[in-house]
Amino acid sequence: MTHRRLYAGSDLSRAVTIDDLRQMARKRLPRFLFEYVDGGAEDELTLRRNRDAFARHTLQPSTLVDVSNRTQAVELLGRPAAAPLVIAPTGFNGMLSQRADVALARAAAKASVPFTLSMAANVRLEDVATDAGGRLWMQLYWVRDRDFIRSLVTRAEKAGFEALVLTSDVQVSGGREWDRRNYRAGMQLSLRNKLDVLAHPRWLWHMLREGGPPRFANIRELAPPDARTVIDDMMTLGRNMDPACNWDDLRWLRSIWPRRLLVKGILSVPDAERAIAHGADGVILSNHGGRQLDGAISALETLPAVRHALGPDATILVDGGIRRGVDVIKAKALGATAVMTGRNCLYGVAVAGEAGALRALDIIRQETDRAQALLGVPDINALDERVLSGRTPIGFAPLRRELSQGVT
Ligand SMILES: Cc1cc2nc3c(=O)[nH]c(=O)nc-3n(C[C@H](O)[C@H](O)[C@H](O)COP(=O)(O)O)c2cc1C
């Protein structure tokens, strides 16, 4: 079987798939950064499982259906979105390109889908609201200082953010071994990585022009007065993360945030039910892109049971491993209200800022549109389990071999 070559140049319009964008990002970024974006925890079992979970579902098209008018528009948190897509919160985006948080938010606004700003973002949330606009959601990590949480939440409300996303799966940081290998003690890059940075002059020039790695702009109030660098910010966040966070805290958060509240990092029916019972307006099924508990089930696998338990009207988002339009189709067919996408847009933004992020969204949307036509389902809201047939068990040997060889 032939191994097809991906595009790895710098002409964005020639990126045909997300895999092309990934290759382009790999070339542009120093290795330690590409691994930061691309990697998963420990043996990356969950990272791979996130892809396998989609691959094992087979589609069964209906033919001779009029598909001349197709739509991906959905309702999300009571408002229209052009596609069932949301940009997931990702921290430290400013390392990938200039003001990447704004670039991602602008791309989302252009595509008429929501953007989620990470608490570990490099641009202040007020500036994202002014410079990008669009539908904005704010992600929160639980920290010990409740006054800080209250002030962040108030800022997000004043700036017009429509939803708050509490990330619940970072009680402690996942085992990101590639990250540890790339640094020596004290967040100092290893010599090998320093040399690799020099081999990426475009990226280095960009970083130097920006005055070095950007700080975590939204947690300044948590940091001690002598904090100067993003390394200080990382230590601040690490020190303040609160593994004691529990369902009572969610109830408190509900009491101080008047708009939509979602809990991200749910992977079971009981937790999904508890989240709703404690005041959440919806859940985001997620294993953090395979970066936290290695060996965890993929979010997609939990989706049908959670949909069944929460009922047809609940807001249920799912993320992890979405790289193709058919993945969006499969998630919708299994009951997702929408999907969140993390790495796709990060590869894009690393390659070409806002235009790159938009390219990633466009690729997914075009693939989704094509799949709807070929599947005979012109309205994405009409998708259900009937389009899925012949579920292939996840351990099915020939399929697994093909997947591991990257052959389609
Ligand atoms: C580089 C990177 C940084 C991330 N940072 C955050 C974060 O700050 N907060 C959060 O809730 N999730 C974070 N995530 C997880 C994403 O929100 C999302 O769950 C995951 O990327 C989905 O998987 P996918 O990348 O396969 O689409 C991060 C993921 C990546 C790849």
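This is a predicted model: local features need pLDDT of at least 70, side-chain atom pairs count only at pLDDT 80 or more; totals for chains, interfaces and linings use all residues.
Let's start with the helix pair. Two packed helices are described by the angle between their axes and the distance between the axes. Here the partners are α3, residues 45–55, and α14, residues 325–333. Their axes lie 10 Å apart and cross at about 75°. Since angles from 65 to 115 degrees count as roughly perpendicular, α3 is therefore roughly perpendicular to α14.

So who touches whom? On the α3 side you'll find R51, F54 and A55, and they meet D327, K330 and A331 of α14.

How many of its 9 residues are buried? The count is 8, which leaves this helix mostly covered. Among the buried residues are G325, V328 and I329, and D327, K330 and A331, the residues that meet α3, are on the buried list too. If you follow the chain just past α14, you come to G335, where phi is positive at about 115°.

Now for the empty space. Rolling a probe the size of a water molecule over the atoms shows where empty space is left. The structure holds 1 cavity of 30 Å³ or more, and the volume of the largest cavity is about 40 Å³. Which helix gives the largest share of its lining? That is our friend α3, with 3 residues. The lining includes N50, A53 and F54, and F54 also takes part in the contact with α14. Further lining residues are S298, A299, L300, V318, D319 and G320. Besides α3, both α13 (299–310) and β12 (315–319) supply at least two residues each. Overall, the lining has 5 nonpolar, 3 polar and 1 charged residue.

Last stop, the second largest pocket, with about 1,300 Å³ of space. It is lined by 49 residues, and those closest to its centre are Y36, S173, R176, D179 and R291. Several elements contribute at least two lining residues each: α2 (31–38), α7 (177–182), α10 (230–240), β13 (338–341) and α15 (343–375). Sorted by type, the pocket lining comes to 24 nonpolar, 17 polar and 8 charged residues.

Notes:
Residues are numbered from 1 along each chain as its sequence is written. Side-chain values use heavy atoms; hydrogens and water are left out. Axes are lines fitted to C-alpha atoms, for helices over the stretch in contact, and angles run from 0 to 180 degrees between N-to-C directions. Helices (H or I, at least four residues) and strands (E, at least two) are DSSP runs, numbered from the N terminus. Angles under 35 degrees count as roughly parallel, over 145 as roughly antiparallel, 65 to 115 as roughly perpendicular and the rest as oblique. Contact means heavy atoms within 4.5 Å. On a 1 Å grid over the protein atoms alone, a cavity is a set of points where a 1.4 Å probe fits but cannot get out, and a pocket is an open set with protein on both sides within 12 Å along at least five of seven lines; lining residues have an atom within 4 Å of a point. Grid points are joined across faces, edges and corners, and a volume is the space filled by probe spheres set on the points. Ala, Val, Leu, Ile, Met, Phe, Trp, Tyr, Cys and Pro count as nonpolar, Asp, Glu, Lys and Arg as charged, and the others, Gly among them, as polar. Buried means under 20% relative accessible area, exposed over 50%, partly exposed in between (1.4 Å probe, protein chains only).
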